[in-house]
Amino acid sequence: MSVANAFMTQEEILAKLKEVWQDEFGGDYRVFFAPGRVNMIGEHTDYNGGHVFPCALSFGTYAFAKKRDDGKIRLASLNIRDGEVFESSLDDLVFHEDAGWTNYPKGVIWAFEETGRKLPSGVDILYFGNIPAGSGLSSSASLEVLTGLILKNLFGLEDVSQADLALLGQKAENQFVGMNCGIMDQFASAMGQKDHAIYLDTNTLKYETAPLVLKDAKIVITNSEVKHQLASSEYNTRRAECEKAVEEISRKKPIKTLGELTPGAFEQVKDVLSDNILVRRARHAVTENARTLDAYSALKEGNIEKFGELMNASHDSLENDYEVSCPEVDFLVHEARKIPGVIGSRITGGGFGGCTVSIVKNDAIKTFMEVLSKKYKEAYGLDAEFYIAEPGEGAHEIAMETTV
Ligand code: GLA
């Protein structure tokens, strides 16, 4: 099996891991899990000093792992190339193009060493997950956080907190892999809480959690099946545009991040920006942060309708000002909103494909899936996939009988 899907259960995944572990690695192992995430609102705000509101999912990446006696690092994933084993070593913690996905876990080992946590020996890790690849539900962040957790637990690195796992994962992605992502995905994967979303101030890393189990509605994720290919290069461009906007605005009003501006304050300084693209990018970052604050308040007051309106406005801003959507995803969002019982719908994650997140009344979910898959197939010839989000626990070790 080379492709997992969100419908594979934990039991099935662990059984498959056990079978392959015995063939390829052998010996005792420990079992770990780190989830993917879905972001409810607060998109492209996390590298702008703003707020985000993601939750960890019940699906994610699992791993069997053990310490080695030598300096080798042996990594395999049942999601990629049928579990082909990549071998490298602690003496070779550098990015290699042809090392593909293993650059992520290697980057985490590198980040541990960079922060003074030199590993006494290498590791064997076998991964298998049920996050659909390229769906924008953070399979890479879950891989990073999971690897960090494995290192922490196997080597008894007690000083590493769950939040540190997020920071070390982000460091690996920024400085080893070269994707300038913010902290949201790794934070959600490390810090997730069952049935809760995390309201995080990315400037201070202070956070609160809020219950996300809705009375008569559910959070439905729709996978457009468009893989977010452009994500990395365009993402870094957006980030650079926001940094340029900060620099130009600072000539009039000193700021460190766009997250410091309210929409009103932005209106007063925006004429200093040298071109209209910068105005639109900055306007998104500023208004999205304001929407996230409002959405959090609305949820606490139980005002789901208001939350849904803010999700819709978030999408419109991502589509028009920030330009990180694509026609297929826009279609899914706009068609979803026409269906009675849909409270809000937007693109989620980095963009350029991937998934939408919608709040749908329980009695409308069946129609939602039927109507949307039919129209989407007619328009684009693609089969949308649907997942009901169940906010889950952050990264943790799974206790198992592991002597083989
Ligand atoms: C990706 C990044 C996150 C965040 C989102 C957009 O998922 O990894 O840090 O910026 O895009 O909100």
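Let me start with the salt bridge between Glu 43 and Arg 346, where the closest N and O atoms are 2.6 Å apart, a salt bridge being a side-chain nitrogen of Lys or Arg within 4 Å of a carboxyl oxygen of Asp or Glu. Between domain 1 and domain 2 the count is 1 salt bridge.

Please keep in mind that this is a predicted model, in which local features need pLDDT of at least 70 and side-chain atom pairs count only at pLDDT 80 or more, while totals for chains, interfaces and linings use all residues. Residues are numbered from 1 along each chain as its sequence is written, and side-chain values use heavy atoms, with hydrogens and water left out.

As for the domains, the assignment, which is automatic or from a database, gives 2-211 + 392-402 as domain 1 and 217-388 as domain 2. Their C-alpha centres lie 26 Å apart, and the contact, meaning heavy atoms within 4.5 Å, takes 37 residues from domain 1 and 45 residues from domain 2.

Turning to area, the two domains bury about 3,200 Å² between them, with 64% of it on carbon and sulfur atoms; buried area here is the accessible area (1.4 Å probe) that two parts lose on being put together, summed over both. Met 40, Ile 41 and His 44 supply 21% of what domain 1 buries against domain 2, more than any other three residues.

Finally, what is the make-up of the side of domain 1 that touches domain 2? Its residues divide into 18 nonpolar, 15 polar and 4 charged, where Ala, Val, Leu, Ile, Met, Phe, Trp, Tyr, Cys and Pro count as nonpolar, Asp, Glu, Lys and Arg as charged, and the others, Gly among them, as polar.
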